[in-house]
Each structure stands twice: as structure tokens, then as C-alpha cells.
Amino acid sequence: MTRMERSDEQLMLEVRSGDESSLGTLFERHHEGVYRYLLRMTGQPQISEDLVQDAFIRVLRYRQSFRDDSHFRPWLYRVAHNVGTDHFNRSSKRPEYGTDELEAVDEAPGSQEQLESRERVGLMQRALAALPAEKRELLILARYEALPYAEIGELLDCSVGAVKVRVHRATATLRQEVERLAKENEHD
Amino acid sequence: MTEARENVEELLESLAQLEELAALDAELGDASEESAEAGSLRERTRFAWSSVAAHDPGLEVPSDRLRRRFFAELETRRERQTPAPSRSSLGLAAATLLVGLGVGWLLPSRTVAPQSDERVVRLEQEVAQMGQLLTLSLLDHSSANERLRGVALSEQTLTSTEAASDEVVSALLETVRVDESENVRLAALDALAILLERPQVRSGLAEALPLQQSPMLQVALSDVLSDGFAASERAAFEQLLERPDLDPVVRERLQSILGGGEL
């Protein structure tokens with residue numbers, strides 16, 4: 001079986017046994033997803049890339065904590081979650097969607113349809129950035145990254161039922177936040 | 001109704017559908033997968049989310065720099081990799097030390113002075129080797145306190161066993177690069193600061209600089225490297241300066257170093 005045909009878990013067990021080159025395949029498979037997750041958490045592309053690098057280096061550092069029965073993806077996202085949490089603890093900053101990225105979105109030329117799409121993006125990103133980190137993270141994992149509830153439960157160390165309830169609450173908060181921001185925009 | 005308002009209304013409607021589905025999922029629990037009502041809603045919301053999550057694709061793809069940096073890091077690790085001190089090798093070292101001590105204890109009455117000197121040298125070497133293995137083991141420990149102990153022990157190792165300390169130097173550089181604890185990284189940097197004349201240390205610290213997120217580490221590393229820095233360190237300073245989120249204090253310090261630096 002070639003490396004590309006092996007499951008994530010098989011590759012990670014190889015990494016755990018000392019074959020660090022298998023991490024390259026895992027990186028290729030997952031770095032974009034981890035990047036998107038961290039980008040939506042931080043709002044900053046440059047920092048998100050640094051954090052992705054950090055997350056995969058931590059995978060190596062903590063490889064012995066990957067158990068025989070662990071699932072790789074939730075384990076990896078937990079590592080990424082910890083990297084993101086450390087970043088926020090260090091910088092005490094909220095995501096900064098409201099600056100460069102959104103200005104770029106607002107100023108970019110395009111059709112009416114693209115313009116509308118960009119308006120939605122701007123509103124959504126501002127609303128997401130305004131959510132408490134836990135709710136933002138749940139929506140990113142469950143909706144943007146489409147991780148199954150079971151994997152999110154594994155990652156956050158809670159039951160599938162609890163994940164569903166939290167996703168519902170987070171979705172409701174997001175809708176309320178979009179509504180609030182839209183009203184604010186109307187008044188401006 | 002204006003187009004902008006319609007746009008927002010559509011977005012809110014999509015979010016309301018998603019909220020409804022999430023509520024149904026939460027209410028039905030495991031049964032939601034089989035529920036016809038949830039299935040139908042799931043189908044309708046499939047489009048809703050793609051509408052909600054519409055985004056600028058350019059924002060979602062990491063640059064090639066990330067891939068290059070990661071594989072360079074992996075390669076560097078592979079090149080630097082030396083057999084890690086396992087528990088068994090540590091035990092073996094301890095056993096060797098004990099045997100050495102035992103032999104040393106038994107022999108004095110039966111041997112002459114020159115051989116005694118050799119034994120002392122050998123014993124010193126064994127103790128140094130033991131210290132080095134212990135240092136490496138502590139630096140790899142999951143507890144930050146233990147890693148700090150490892151850094152403190154390394155300072156003795158670095159000065160007492162000059163030739164044998166390359167592994168310790170590599171481990172300390174690795175600590176400065178990626179240790180999750182800021183304190184441990186700072187301590188490792190302090191330990192390495194006395195070895196700046198070694199090219200391995202200078203280049204390793206220069207590589208570590210752009211990886212740092214903490215302004216304290218950024219300044220500390222920059223200060224250590226600022227004395228007589230070379231082109232590779234200048235590149236590291238400049239790379240850090242390119243960061244839009246760089247702390248103003250760090251930026252000022254770097255500009256001052258680059259402004260007054262010599263090449």
C-alpha cells in the first residue's frame with residue numbers, strides 16, 4: 001500500500017513510531033483545512049499560516065499522545081485549537097476581520113452579483129468575529145469545515161447531543177448578530 | 001426594498017433555516033438522521049449554507065510559503081535528528097555510571113597513581129555523558145517545569161563538555177523555536193546566548209526569530225543577534241518587520257538595530 005493510500009490514522013501511527021516523513025502526507029491532506037479553521041478564528045492570513053506551522057510541529061512534539069484508537073482529524077483540530085487558544089492568550093486580541101481583508105473586499109471591482117456576495121461575506125465575517133470564541137469555533141467546525149458532530153464531540157470532549165445543542169445556540173446567536181449589524185449599517 | 005436590504009434578508013432567511021435545522025437536530029438527537037422532516041430541511045439548508053458561507057476564495061488558500069516553510073522545517077529536523085535518549089539508554093548510562101563508580105571504589109588499593117588519573121578522567125566523562133542524557137531527556141519532557149530544569153542543567157553541560165554538547169545545542173535551539181512555554185523559550189535563549197560564536201547557534205536563532213509570536217521573545221532574540229549580525233540575520237529581521245501585526249515596540253527595536261547595524 002502506498003503512503004497516499006494509507007489512512008490518516010495509519011500515517012499518524014507511523015509518525016508516532018518515528019517516521020516523520022509520513023507527516024508530510026498528513027500535512028498535504030489537512031493543512032488547508034486547518035488553515036481555514038485558524039483563519040476564521042484569527043481573521044489574519046499571515047498569523048494563521050504561522051499557527052498552522054506551529055500546529056504541525058506540535059503534532060510531532062506530542063505524537064506520543066496519539067493513541068492506537070485515536071481518530072486523527074479531531075486530534076489534529078484539538079492541537080490546532082490549543083495553538084489558537086495560546087495565540088489568543090498571548091495577544092489578547094479578537095479576530096480582526098474588520099480591517100484589511102474587509103477593506104479589500106469592499107474595494108474590489110466586480111459585477112453586481114459579486115458585490116452582493118462581498119456584502120454578505122463582510123457581514124458574516126463581522127458577525128462571526130463578534131461571537132464568543134466557543135460559538136465561533138463551533139460554527140467554523142460544524143458548518144464551514146463540515147466536521148461530523150461525532151468528531152466535534154471528540155475534539156471538544158463532549159457528547160454528540162451537547163454538540164448539537166451548542167451548534168443550535170451558536171447559529172441563533174450568529175443570526176441575531178447579523179441582524180444587529182445589518183440594522184447598524186442601515187442607520188449609518 | 002433596496003437591493004442591499006434584500007441581500008441581508010436572504011442571508012437572514014438562510015440563517016433562520018440553519019437555526020431551525022440545528023434545533024431539530026438537537027431535539028431529535030440520534031433520531032434526527034432518520035427523520036424525514038430533518039432530511040428535507042437538511043436538503044433545503046444545503047444551499048442555504050453555501051449561500052451564507054460565500055466567500056472570497058483568495059482568502060481561503062494558504063500561500064505556497066507555508067508549504068515551503070513546513071517541508072524545510074521537516075527536512076531540517078530530519079538532518080538534525082539524532083537518536084533520542086530513550087529511557088533504556090538513560091538507564092544504561094546510569095548503570096554504566098554505577099559500574100564506573102564501583103570499579104573506582106574497588107581499585108585504588110590495587111593500582112598505581114597514573115591509572116588512578118585515567119579512572120578519574122573516565123569517570124568525569126561518564127558523569128558528563130550522564131548529565132547530557134539527562135538534559136536531553138528533561139528538554140523533551142511534557143512538563144514546562146521539567147524542561148526549565150533541563151535548560152538549567154544544559155548550562156552546566158555546555159560549559160563542561162564542549163565537544164560533546166552539539167546534541168544539547170540542537171535541543172536548545174529546537175526549544176527556542178517551538179517550545180509552547182514562553183518562559184522555557186526565554187531560558188533556552190539565555191543558555192544559548194553565551195555560544196553565539198558557534199555558527200550553528202547564530203543561524204539556528206536567526207531561523208527561530210520569524211517563528212516567534214511573542215513580542216518579548218522577538219525583542220530578546222533580536223537583541224541577542226544584534227551584535228555583529230550577518231546577512232542571514234538581517235533577512236530574519238526584515239522578514240519579521242514585514243509582519244503587519246508586529247508590536248510597535250518590536251518594530252522600533254528592529255529598525256534601530258537595522259539602522260545602526262553593521263554587515
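In this predicted model, 41 residues of chain B are in contact with 45 residues of chain A. On the chain B side, the elements that contribute two or more residues are helix H1 (3-28), helix H2 (36-52) and helix H3 (64-80) of chain B. Of these, H1(B) gives the most, with 13 residues. Sorted by class, the side of chain B that touches chain A holds 23 nonpolar, six polar and 12 charged residues.

The largest nonpolar core comprises 54 residues. Within this core, A:Leu38, A:Ala55 and A:Ala80 touch the most other members. Helix H2 (residues 22-42) of chain A supplies the largest share of the core, nine residues. When residues up to four places away in sequence are not counted, A:Leu38 touches A:Ser48, A:Leu51, A:Val52, A:Ala80 and A:Gly84.

Another core, of 33 residues, lies apart from the largest one. Its members include B:Leu133, B:Val176, B:Leu209 and B:Phe229. B:Val176 is also one of the buried residues of helix H7 of chain B. This helix spans residues 166-178 and has 13 residues. From its first C-alpha to its last, H7(B) reaches 18 Å, close to the 18 Å expected at 1.5 Å a residue. The buried residues of H7(B) are B:Val168, then the run of B:Ala171, B:Leu172, B:Leu173, B:Glu174, B:Thr175, B:Val176 and B:Arg177. The charged residues B:Glu174 and B:Arg177 are therefore listed among the buried positions of this helix.

Two loop residues of chain A have a backbone angle of note. A:Ala146 has a phi near 55°, a positive value in a residue other than glycine. A:Ala146 is located in the loop between helix H7 (133-144) and helix H8 (149-156) of chain A. With 10 other C-beta atoms within 10 Å, A:Ala146 is exposed, the cut-off for this class being 12 or fewer.

For A:Asp157, phi is near 60°, again a positive value in a residue other than glycine. A:Asp157 lies in the loop that runs between H8 and helix H9 (160-187) of chain A. A:Asp157 is classed as exposed because 9 other C-beta atoms lie within 10 Å.

Methods
Residues are numbered from 1 along each chain as its sequence is written. Chains are lettered from A and ligands numbered from 1 in the order in which they are written. This is a predicted model: local features need pLDDT of at least 70, side-chain atom pairs count only at pLDDT 80 or more; totals for chains, interfaces and linings use all residues. Helices (H or I, at least four residues) and strands (E, at least two) are DSSP runs, numbered from the N terminus. The expected span of a helix is 1.5 Å times one less than its number of residues. A residue is buried if 20 or more other C-beta atoms lie within 10 Å of its own, exposed if 12 or fewer, and partly exposed in between; C-beta atoms are placed from the backbone. Two residues are in contact if their C-beta atoms, placed from the backbone, lie within 7 Å. A nonpolar core is a set of buried Ala, Val, Leu, Ile, Met, Phe, Trp, Tyr and Cys residues joined through C-beta atoms within 7 Å.
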